[in-house]
Every structure is written in C-alpha cells, then in structure tokens.
Number of protein chains: 2
Amino acid sequence: MTVGEATRLEIASQPDVWQATLNELGTQQPQLTQQLAGYAATPFIVTGCGSTYYLSLATAATLRSVGVAAWALPGSELALYEQTHLPHNFTLLAMSRSGTTSETLWAVKRYREEHPDGHVVAVTCVPNTPLVQAADVALIAPQAQEQSVAQTRSFTTMALLGQLLAGVLAGDPARLERLHKLPHALTSVMAEAGTLPETIGADLSLQRYFFLGSGALYGFACEAMLKTKEMTTSWAEAYHTLEFRHGPMSVVDSSSLVVGLISDSIAEAEIAVLKQMKGLGARTLALTETRGTYDWTGIDQVVELRSGVSEWERGALYLPVIQWIAFYRALAKELDPDNPHNLTAVITL
Amino acid sequence: MTVGEATRLEIASQPDVWQATLNELGTQQPQLTQQLAGYAATPFIVTGCGSTYYLSLATAATLRSVGVAAWALPGSELALYEQTHLPHNFTLLAMSRSGTTSETLWAVKRYREEHPDGHVVAVTCVPNTPLVQAADVALIAPQAQEQSVAQTRSFTTMALLGQLLAGVLAGDPARLERLHKLPHALTSVMAEAGTLPETIGADLSLQRYFFLGSGALYGFACEAMLKTKEMTTSWAEAYHTLEFRHGPMSVVDSSSLVVGLISDSIAEAEIAVLKQMKGLGARTLALTETRGTYDWTGIDQVVELRSGVSEWERGALYLPVIQWIAFYRALAKELDPDNPHNLTAVITL
C-alpha cells in the first residue's frame, strides 16, 4: 500500500462518512430524544483521552452554549484522582474512538460506583465495546472507524455526534437539519482550498505551527495541534486565540505558521491577533465562515467555510484543511502518516 | 545592569517574599475569614490571562480539592463571549499581577452588569488598581511586584494567596500554618538542586521541553511551559501527565527533556510515564515530595521537595527549579531573561 494511504482515504472520505452518519442519526433522533429526556437538568462532565479529551473540551463548550452546564476533564484525572470535587449529581459523557481506552473506562467504572443513580452517555465509533455496554445511552458512528493511528474522520464524525447530543438536550431538533449542510460544505471548502494544503504542507521552512481558537473552537484548535504533531513530529501548539498574546507569542518568528480558527462571536479580535503575528514575521492562515466585512489585509491566506451554520455547529469543518496540511507535511518529511512516531492506535495502561 | 539581573534577583528572592507575604496574610486572615463567610456555598469561576490563567487552572483544581466548586476560563472567553453558559450564581475570582489586564477587567465589568448581587474576589500584586477597586475582597502581595516581563515570584506568591483563599473557604485556618513551611523548603530545595538548573539550562542539545502535571500541578506545569517559552524562545509544552501518552509523546526524542511534577495521588502512574519517555530517548527530571518507596530506576534526575505539605498546597515549590533552568538556558542562548522576545509586561487590547 502507498505510504499514508489509509490516512489519505480516511481524510478524503469525510463528506461521505458525515452524510451517512447524519442520515443514520436522523432515524435515531426520536429514540435519543426519549432516552435523553431530563438529562439537560443535570450538569455534564465530559471526558476522553488525547483527541477525545480535546473533543470533550469542544463538546463541553458547545453544551454550555445551549444552556447545559458542562465541563471537560481528562479521563486520567477523573479516573485516578481521589480529591477532586465534582458536582453532587452529574451525567458522565464519555468519548472514545475505540470504546476501550483504559482511563475512560476506569472513569466510567468509578462514576458507576460513586453515582449508582447517575447516567453515562457514550460517544464512540465501535458498537459492542465495554464503553457501549457500560453506557445508558450510546451515540455510535461505525462508518467513521479507522485503520490509522491518528484520528481524522473519527474525530470529526464524533464531533457531529456531540452536536446531535447538544441539539437533543437543547430541545432543538432543527440542529440535525442544519448539520446536514456540513458534508456539502466540506466538499466545497476542499475545492476552494485547492492546492493550498499541499503547498503549505510541503513548505518545510515553516517549522512552528500555532493553532488558535476560542469558545468551542479551542478544542478543535487543540486537535489541529495534535494532528500536526502526530503525523509530522513538528513543533505544534494550540491556544485560546487571545491567550496567545499573553506570553506564548514570544516564540513567533518567520518560521512560524499561525492558523486562526475564526469564530463569529469575536472575529474582529481574532483577526487582530493574526495581524499582530504577521507583524512579528509569521505566516498566517485564517479559516472563517465568510470574509464578511472584516479587513483581512496582511493575512496571507483566508479560507471561507460558507457552512451556513453557527460557530457552535461547524467546528468539524475547520479540521480537514489542517488534516491535509499535516498529511502533506508528513510526506514532505518522508514520514508515514498512517504510523506516527512512538504511537499505537489504542493507549492502554 | 547585568543581563537578566532583575529576573535573577526576583527568582532568588522567593523565600523572603513568600515569608513576608505569609506573615502579612497571618494578620489579615481573621478579616478575610469574615469577608469570605458564605462564599464557599457558591461556585467559583476563576479567571486570568497568560500566567494568571494557568494560575486559575491550578487554583480552581485546588478549590475543588477542598470541596468548593470551581472552574477556570481565560479572561478573554469570559469577557467577550456572549453564549457561554455559566452557573446562575457564581463568584468571580480574578487573578492579575498588575491589576490592569484588559480582558480580566472586562470580565469583571461584565460580571458586575450581569450579576449585580454577586461577588468579585481579586488576587493581585498591586494595591489601588482598577481590579482592586472593583473587587469585594482583595488578596494582595505587594512584595511580589516585579520589574521583569516574565512572571516568576509574582506567580508563586499569588499561588500562595490562592492557597490562603482555599484555606479560608474550607474553614481550615491551619492551611496558612502549613504554608509557612514553604519558604524554608524552597531554600533547601535550591541547595539540594545545586548546579543542576545551570547544567540542564546550559545543555543546548536539549531542544524540546515537556512539563507534565496532574490535578492542581497541571496549572503549574503550564506555567513552567510558559516560563521556558518566554525566557528562552524554546519549544516547550505542558500536559496532564497521563494525557502525554495519548498522542503528544509522538515528538519525544533524544533532544527532549521531560519534566514530571510528581503528585502524591497518582505518583506511580506518573513515574511510569517518565520511564516510558526515557525509553523513547528523552532525558527525564522528576520533582517529587520524597523518593518514597517508588522505583526511580531510569529517571535521570530526581529532586526532592520535602515540603511536609500536600500536593494541593505545595505547587509553588515546583517552579523555582524550572525558573532557574529557563534563566540559565536564556543566558546560554545569549538572550536577556528580563526582556523576552516579542513581549511587554502588561498586555492590553
């Protein structure tokens, strides 16, 4: 098989896999609405490990945006720490690609022991796993399963499951309808981006990657960081967009690429950060719903997403451009995207 | 003035500044206890920018450990985002070295508008600032003020203010007594560390720094990352200790230093992570309360803190060794620790 072929196919398949998953969710939505009735009244703790911890950060922010109290913690912290004080009653939302991640399963087990009347909601790609068996409600995207170590379509598709969950909890069934815009939007985005991901990825003069996002997009920025790191063994970091100015930008120089996942809420302030980084010598790339009326002068590249949905609903759409950049960078560095350095697909303790 | 002289003096002054601050707090404790009566019943949102956001992460975890609901968010997210759902009633704990950080002040202003009956607690180094004037209760460490851009003693001393706050909210006045062990412990730690910080800092074959911490120590690991970044413009990252295995370790190689801020709660699992990184070629440094009965075979350096207090109380003690490593690394790279690249002391929008 060609080097990186599994990852290439998995990244490319996202419009189709998203569409199939959304169709499937459409048939499940009535049952999920019934199963999740009353859940919104209790706070959620959202957990995962690695990519799914970053998905937890994004999902918790999204849940808060629809009025459901939610906070994210890594599986290891929930599973192993004795002293951490959590709400008396909370629902555990556990996210795991494989459904077998050890710390996540331990967190579920501990939760069951300490909250015998509580609820566990699972988001995963694999049916009939220990996680699914331990959950009261499971949202599963089997079409998103992957051969590759680094999560790509599994992450974005599980993000859609999180979106559906937010819609059901918020009593907003139209959210699923809106999500149906995303597969087509992704196809359009990649057509618009053209050779941009390959050009940026092949530019090995770029040695420091910074991904900036606010609100739910912070979690997606973290995942962009991890994908770049895993596939390319490069210096890659993620920050809340305005936080970047409070110290981290000290390492920005002409070898830096600063990627802004632009929100709707504070787009102007985020664009200002990118411009400041351009002034420090960085190359800048903005992913934004539309150019709108903002002044983009000085931003090197702007990719419009044109999803037609809010920043809280379109997070998955920011990632494929970055996944492709990482993919092409891996090839340019003669690395195999399918087999990241030091890693295996499922980390178990 | 010698290059880096302000930073050198500020790092070195920490035992004295801590002691003076703890003495001062002793006289204020009765009044603080009165002022903060009833505050523990309401959740806290803890906020700051840059270093003080990392301090917010540590302080929120510490508050949870004593039974006070608390979560951290960056000032920019609190100040600028409209949709984020927060608890109906919460106390805002705002942390700022200067008391003038724009996003933090905006977060306070917005909180006042939306929660006219709410409370603001300030932790800062400067009296008579807009932040102090806007707060109901202010914990101030004027002795910790700094000339340097990068926070060193201000961070650790504000961490002690956060500790006192946790003690008062928990109805545990003995916490302050225990904190009095820290200044002497710091002097001992630096004596034990000897030339270690200079030796590590001067080793420019180390090019990737990773700081790992769990619980409240995650926030301190983040600050260790930022200090290394600001002073030395180096590749530096921070993770929850067990999270590091879920992807980020893909960039570990023989140019890497992995520093473990070892907890009491999950020390064995944390030491296992360091050993795994050693197996991947990294140099490893552990900062731990005591060697205890753990097997440290394969860990390159172990520094014992011997504070006599819990992991939730001794966080500040982990930082000076790392501050010195960063200081000496800056000198080895012919950088000025007093004047980090791209930065100024107070970031205002």
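Good morning. Between chain B and chain A there are two salt bridges, a salt bridge being a side-chain nitrogen of Lys or Arg within 4 Å of a carboxyl oxygen of Asp or Glu. K229(A) forms a salt bridge with E237(B), and the closest N and O atoms there are 2.5 Å apart.

Before going on, a word on conventions. This is a predicted model, in which local features need pLDDT of at least 70 and side-chain atom pairs count only at pLDDT 80 or more, while totals for chains, interfaces and linings use all residues. Residues are numbered from 1 along each chain as its sequence is written, chains are lettered from A and ligands numbered from 1 in the order in which they are written, and side-chain values use heavy atoms, with hydrogens and water left out.

I turn now to the interface between the chains. With contact taken as heavy atoms within 4.5 Å, 62 residues of chain B are in contact with 62 residues of chain A. The two chains bury about 5200 Å² between them, 61% of it on carbon and sulfur atoms; buried area is the accessible area (1.4 Å probe) that two parts lose on being put together, summed over both. Which residues of chain B lose the most area to chain A? They are W71(B), Y81(B) and H246(B), together accounting for 14% of what that side buries.

The rule also finds 22 residue pairs in polar contact across this interface, both residues at pLDDT 80 or more. A polar contact is a pair of N or O atoms within 3.5 Å; within protein, one must be able to donate a hydrogen and the other to accept it, and residues adjacent in sequence count only if both atoms are side-chain atoms.

As for secondary structure, helices (H or I, at least four residues) and strands (E, at least two) are DSSP runs, numbered from the N terminus. Among the elements of chain B that give two or more residues to the side touching chain A are β1 (44–48), α11 (217–232) and β7 (235–240). β7(B) gives the most, with five residues.

The same surface serves both copies, since 100% of the contact residues of chain B recur in chain A.

Finally, the inside of chain A. It is divided into domain 1 (5–179) and domain 2 (185–332), with bounds from an automatic or database domain assignment. Their C-alpha centres lie 25 Å apart, and the contact takes 26 residues from each of domain 1 and domain 2. These domains bury about 2100 Å² between them, 72% of it on carbon and sulfur atoms. In domain 1, R8(A), I11(A) and Y54(A) lose the most area to domain 2, together 24% of what that side buries.

Between the two domains the count is two salt bridges. E313(A) forms a salt bridge with R175(A), the closest N and O atoms being 3.7 Å apart. On the side of domain 1 that touches domain 2, α3(A) gives the most, with seven residues. Thank you.
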